[in-house]
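Thanks for coming. Please look at the screen.

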Amino acid sequence: MKSLKRVAVFCGSSLGTDEQFTTDAKKLGIEMAKRGIGLVYGGGNKGIMGILAHAVYDNGGEVIGVLPEAMNVPQVTDNSAHTELRIVKDMHERKNTMYSLSDGFIALPGGIGTIEEITEIYTWRQFGYHDKNIALLNSNGFWNSFIAQMDNCVDLGFLSPEARNILKSSDVVDEILDLLAMEPEELPSKL
Ligand code: AMP
């Protein structure tokens, strides 16, 4: 088992339409605080991001928000919960900072920003830029269509079964954190 000091969580800056999304975000935050796993996140106060950050912070956990200068405005930071807020130059520095601070990655339900972040870190893993685990919290099947697309990529010869298998998923919060703590699997070189 790997020890998880901090985990980056990518998630919607909106709440979504299904209460299960916020219920699971709260559960995850509480469980991270309980296990002493710090949260690295996008730093904002809105949507599932805000719910998750408050759940970790309110339960005594570490929360590091990482915001590009242009997003350091009251609409984003008012009432946001963090033990540390890092202001960085731009989105690229933000993602690099979030990735390097974290021992693993989770995506909760979200929109295009969430999908971009989780697919980027998954792509980097495929190329061996890091060997940290990646998991989808599949609240009420939110990620089913994404998972089906990854399976489609395997079937059509664009993704190796090994690379597919490193993308973990579960709709159970405890299981997600256990999956992230597993020893990372070896991947054959894609080059
Ligand atoms: P989305 O899923 O499109 O709502 O985008 C969420 C992701 O994009 C988060 O993980 C953040 O890193 C970033 N993001 C999008 N909107 C905001 C916002 N209002 N404040 C802070 N980060 C944001």
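Let me start with N79, which is exposed, with a relative accessible area of 68%. Exposed means over 50% relative accessible area, buried means under 20%, and partly exposed is in between, with a 1.4 Å probe and protein chains only. N79 is found in the loop between α3 (74-77) and β4 (84-88). Helices and strands here are DSSP runs numbered from the N terminus: helices are H or I with at least four residues, strands are E with at least two. The phi of N79 is positive, near 60 degrees, and N79 is a residue other than glycine.

Before I go on, two notes on the source. This is a predicted model, in which local features need pLDDT of at least 70 and side-chain atom pairs count only at pLDDT 80 or more, while totals for chains, interfaces and linings use all residues. Residues are numbered from 1 along each chain as its sequence is written, and side-chain values use heavy atoms, with hydrogens and water left out.

Back to the loops. N140 also has a positive phi, about 50 degrees, although it is not a glycine. N140 is found in the loop between β6 (133-137) and α6, and N140 is exposed at a relative accessible area of 55%. A further loop, between α6 (144-155) and α7 (161-165), holds G157. Is G157 buried or exposed? G157 is exposed, with a relative accessible area of 62%. From the C-alpha atom of G157 to that of D24 there are 34 Å, and the two residues are 133 apart along the chain.

Now the ligand. Where does the ligand sit? The ligand sits in the largest pocket. A pocket is found on a 1 Å grid over the protein atoms alone, as an open set of points with protein on both sides within 12 Å along at least five of seven lines. To sit in a pocket, a molecule needs more than half of its atoms within 2 Å of the pocket's grid points.

Around the ligand there are 16 residues, and the closest are S13, G111, G113, T114 and E117. A residue counts as near if one of its heavy atoms lies within 4 Å of the molecule. Helix α5 (residues 112-126) gives the largest share of this shell, 4 residues. By class, the shell has 6 nonpolar, 8 polar and 2 charged residues.

Then the individual atom pairs. A backbone N or O atom of I112 is 3.5 Å from an oxygen atom of the ligand. For G113, a polar backbone atom is 2.9 Å from a ligand oxygen. For E117, a polar side-chain atom lies 2.6 Å from an oxygen atom of the ligand. Taken alone, the ligand exposes 490 Å², and the protein buries 83% of that.

L167 is in strand β7 (residues 167-170), and L167 is buried, with a relative accessible area of 6%. T97, in helix α4 (residues 91-101), is buried at 13%. T97 and L67 are 30 residues apart in sequence and 9.8 Å apart in space, C-alpha to C-alpha. R35 belongs to helix α1 (residues 19-35) and is partly exposed, at 33%.

That is my part.

Definitions and conventions: Polar contact = N/O pair within 3.5 Å; in protein donor to acceptor, adjacent residues only side chain to side chain. Areas by Shrake-Rupley, 256 points an atom, 1.4 Å probe, with all protein chains shown as cover. 1 Å grid on protein atoms, 1.4 Å probe; cavity = no way out; pocket = protein on both sides within 12 Å on 5 of 7 lines; lining within 4 Å. Nonpolar A, V, L, I, M, F, W, Y, C, P; charged D, E, K, R; others polar.
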